[in-house]
Amino acid sequence: MKQHFDVIVIGGGIIGCSIAYYLAKEKIDVAVFEAQTIGSKSTSAAAGMLGAHSECNDSKIFLPFARSSQLAYFELNEELKRLSHIDIELKTGGIFKLAYNDDEKIQLASLLSQSTVKWYEPTEIQRKIPNITTDIIGAAYIEDDVSVLPTSVCMAFCKSAQVLGATIHENACVLDIQKIENTFMIHSTNGKFTADNIVIANGVWSTSFFKQLGLNNRLTPVKGECLSVTSEHLTLEHTIFHDHNYIVPRNNGKLVIGATMVQNEWNEKPTLLGIESLIETAKKMLPDMTKMTIESFWGGLRPQTIDQKPYIGKHPDNDNIFFATGHFRNGILLAPETGKMIRDFILKRKIRTEWVEAFKVNR
Ligand SMILES: Cc1cc2nc3c(=O)[nH]c(=O)nc-3n(C[C@H](O)[C@H](O)[C@H](O)COP(=O)(O)OP(=O)(O)OC[C@H]3O[C@@H](n4cnc5c(N)ncnc54)[C@H](O)[C@@H]3O)c2cc1C
């Protein structure tokens, strides 16, 4: 078994797998160490919206970063299919952000000031979504905020990275990192391995490595619950969104209803209260939903930082340790651009200064 790599990535969620893919594309010898199975934690809980406009209200720095990541998916769609034979299920149709009253319309003003976002009157919305509630006064329509199937994207990144030479260790929990002269040694449940560079990308569990590497940064878990429903009679082509709640259609006709926001909760299991609240809000948006059948329900932990922006950058005292974590509600959206940014740090390429500053670990 190979023992030494150019780069070891800790964590095989969508962020770790995207990083491995972009490094392997540059012929960098990279290995991913995943404590359980690839994509099995927060990544598998996500709805898969690529909400660059609907989620990112900082138009100067965060939106251009998110938008660049969103656009990367249109190239990845074919690229990853060719390498991995996995379809990431890119679904067009966009997002309708509903307004039930004038105050909510006012809150959509900055979103509506963007050239790609349009205001729709209720009659226009009903033409696109016949079953929509009649209680709304309109909606902001964002055609560019498409969606993907998160587990498929993660597996496609992982398989494509493997095709390009990356090594994947599953059921390999990294316990600690030691610096030995110019290399790093990791102790994992699969044994000891060394690398010239380490990337910490293990989602909300990165907190323990911040501590181990002398940093005070903390990530707090924000639990999210979802359920999936289906019906032969009700079809939906567009995502409907209202106040953190949404109904996202999949290519196979299933609808994902999400998601709760439970602060500081480490238990991933969904509760009756959480699922009940999702059903209530979804029924308000699409009253005909009541006859749909439940397929499954689940929970996951979003890694939240102090300012809800991710940490993507170097350890302040060590140029060979990198962090790519804290993607909170938008890890699926931000995975491609995060992978490219870590690749560029490692290859010492130029990165937009405002992104380096905004996402640096010691901010
Ligand atoms: C309900 C819900 C809905 C969401 N919807 C969306 C959405 O629509 N769009 C969007 O963009 N984002 C969404 N998100 C957010 C998104 O899921 C996360 O931001 C993203 O998955 C984070 O990816 P990650 O790779 O950092 O973390 P994870 O997917 O959690 O991966 C981290 C991995 O590290 C592994 N690990 C942990 N410790 C160790 C260790 N010591 N050694 C080795 N491996 C380790 C874990 O097993 C895990 O597989 C949603 C999240 C939730 C919970």
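Me: How should I read a cavity, and which residues line the largest cavity?

Reply: A cavity is a set of points on a 1 Å grid, laid over the protein atoms alone, where a 1.4 Å probe fits but cannot get out, and lining residues have an atom within 4 Å of a point. Here the largest cavity is lined by Lys91, Thr92, Gly93, Gly94, Ile95, Asp145, Val146, Ser147, Glu237, His238, Thr239 and Pro249. This is a predicted model, in which local features need pLDDT of at least 70 and side-chain atom pairs count only at pLDDT 80 or more, while totals for chains, interfaces and linings use all residues. Residues are numbered from 1 along each chain as its sequence is written, and side-chain values use heavy atoms, with hydrogens and water left out.

Me: What volume does the largest cavity have, and how many cavities of 30 Å³ or more does the structure hold?

Reply: A volume is the space filled by probe spheres set on the points, which are joined across faces, edges and corners. The largest cavity has a volume of about 50 Å³, and the structure holds two cavities of 30 Å³ or more. The second largest cavity has about 40 Å³ of space, and its lining consists of Glu89, Lys91, Ser147, Val148, Leu149, Pro249, Arg250 and Asn251.

Me: How do the residues lining the largest cavity divide by class?

Reply: Ala, Val, Leu, Ile, Met, Phe, Trp, Tyr, Cys and Pro count as nonpolar, Asp, Glu, Lys and Arg as charged, and the others, Gly among them, as polar. The lining of the largest cavity then has three nonpolar, six polar and three charged residues, while that of the second largest cavity has three nonpolar, two polar and three charged residues.

Me: How many residues surround the ligand, and which are the closest?

Reply: A residue is near a molecule if one of its heavy atoms lies within 4 Å of it. The ligand is surrounded by 37 residues, the closest being Glu34, Thr43, Phe328, Arg329 and Leu333. Domain 1 and domain 2 both contribute to this shell, so the ligand lies between them. By class, the shell has 20 nonpolar, 13 polar and four charged residues.

Me: Which backbone atoms of Gly331 lie 3.0 Å from an oxygen atom of the ligand?

Reply: A polar contact is a pair of N or O atoms within 3.5 Å. A backbone N or O atom of Gly331 lies 3.0 Å from an oxygen atom of the ligand, and Ile332 likewise places a backbone N or O atom 3.0 Å from a ligand oxygen. For Ile15, the distance from a backbone N or O atom to an oxygen atom of the ligand is 3.2 Å.

Conventions: Polar contact = N/O pair within 3.5 Å; in protein donor to acceptor, adjacent residues only side chain to side chain. Domains from an automatic or database assignment. 1 Å grid on protein atoms, 1.4 Å probe; cavity = no way out; pocket = protein on both sides within 12 Å on 5 of 7 lines; lining within 4 Å.
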